Amino acid sequence: MTAPDRVPDRAIDEARFRQVLGHFATGVTVVTGAGEGGGAPVGLSVNSFTSVSIDPPLVAFCVGRTSSTWPRIRATGRFTVNILSADQEAVSRRFASTASAVERFEGVGWHPSPAGSPVVEGALAWIDAAVEAEHDAGDHVLVIGRVTGLEVAREGAPLVFYRGGYGRFEL
């Protein structure tokens, strides 16, 4: 099998790229960390989360290179992925906001996971992970985490992001 001709990166219009990829529904998560030296908790919304491997247990997500929150989480060497429920759109919006990483927790209930990172109250499930690797990925960084703990916190419908808006999924 031969590889197709490579399309120059500049040949793909950014608006068209967003429009087409927006047709892929994703789950919505909040990635949290304890803050450097056990400081104030920090977090950010992420919809590029995925499982990578069962053996060893690995997960991944992408974060923008310009994020000021991810370096604060990375410094601790671990993070928690909170899988949001259908009724947590406001939480997702809060953690995607331009508010400071610490201010995002104001008014949001949470408790520490066994690894010490925040588990957001009301999340369907959480996954503790240690930073395994980071890879350059254009204007983002691909983060790979080795799972160290995980739990289903409650049953319910997930929050879904599709075509630039939030939605719900029902079985």
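**Stop 1: A pair of rings**

Select Trp-110, which is partly exposed, with a relative accessible area of 36%. Here buried means under 20% relative accessible area, exposed means over 50%, and partly exposed is in between, using a 1.4 Å probe and protein chains only. Before moving on, know that this is a predicted model, where local features need pLDDT of at least 70 and side-chain atom pairs count only at pLDDT 80 or more, while totals for chains, interfaces and linings use all residues. Residues are numbered from 1 along each chain as its sequence is written, and side-chain values use heavy atoms, with hydrogens and water left out.

How many aromatic pairs does the structure hold? There are six. Rings of Phe, Tyr and Trp (its six-membered ring) pair if their centres lie within 6.5 Å; planes under 30 degrees apart count as stacked, over 60 as edge-to-face and the rest as tilted. Phe-105 and Trp-110 make an edge-to-face pair, with 5.9 Å from centre to centre and 65° between the planes.

**Stop 2: A ring cluster**

Next, select Phe-61, Trp-70 and Phe-79, which ring pairs link into a cluster. Why is the pair of Phe-61 and Trp-70 edge-to-face? Their ring centres are 5.4 Å apart and their planes are at 85°, so the pair counts as edge-to-face. Both Phe-61 and Trp-70 are buried.

**Stop 3**

Switch to a cartoon view. Helices (H or I, at least four residues) and strands (E, at least two) are DSSP runs, numbered from the N terminus. Two strands pair if DSSP finds at least two bridges between them. Strands of a sheet pair through backbone hydrogen bonds, either parallel or antiparallel.

Look for an open sheet of seven strands in the order 3-2-6-9-10-5-4, paired antiparallel. At its edges are strand 3 (42–46) and strand 4 (50–53), each pairing on one side only. Zoom in on strand 2 (residues 29–33) and strand 6 (residues 78–83): these antiparallel strands are joined by four bridges. Which residue of strand 6 is the bridge partner of Thr-29? Select Ile-83 to see it.

**Stop 4**

Select Phe-161 in strand 11, the bridge partner of Thr-26. Phe-161 also stands opposite Tyr-166 in strand 12.

Strand 11 (residues 159–162) and strand 12 (residues 165–168) pair over four bridges. Their hairpin has two residues between the strands, and Arg-163 takes a positive phi near 50° there.

**Stop 3: Helix 3**

Finally, select helix 3 (residues 89–96), which lies across strand 2 and strand 3. Which residues of helix 3 are buried? They are Val-91, Ser-92 and Phe-95. Looking down the axis of helix 3, the buried residues fall within an arc of 100° (taken from the directions from the helix axis to the C-beta atoms), so they line one face of the helix. These buried residues pack against strand 2, strand 3, strand 8 (118–120), strand 11 and strand 12, where contact means heavy atoms within 4.5 Å.

Technical notes:
Axes are lines fitted to C-alpha atoms, for helices over the stretch in contact, and angles run from 0 to 180 degrees between N-to-C directions.
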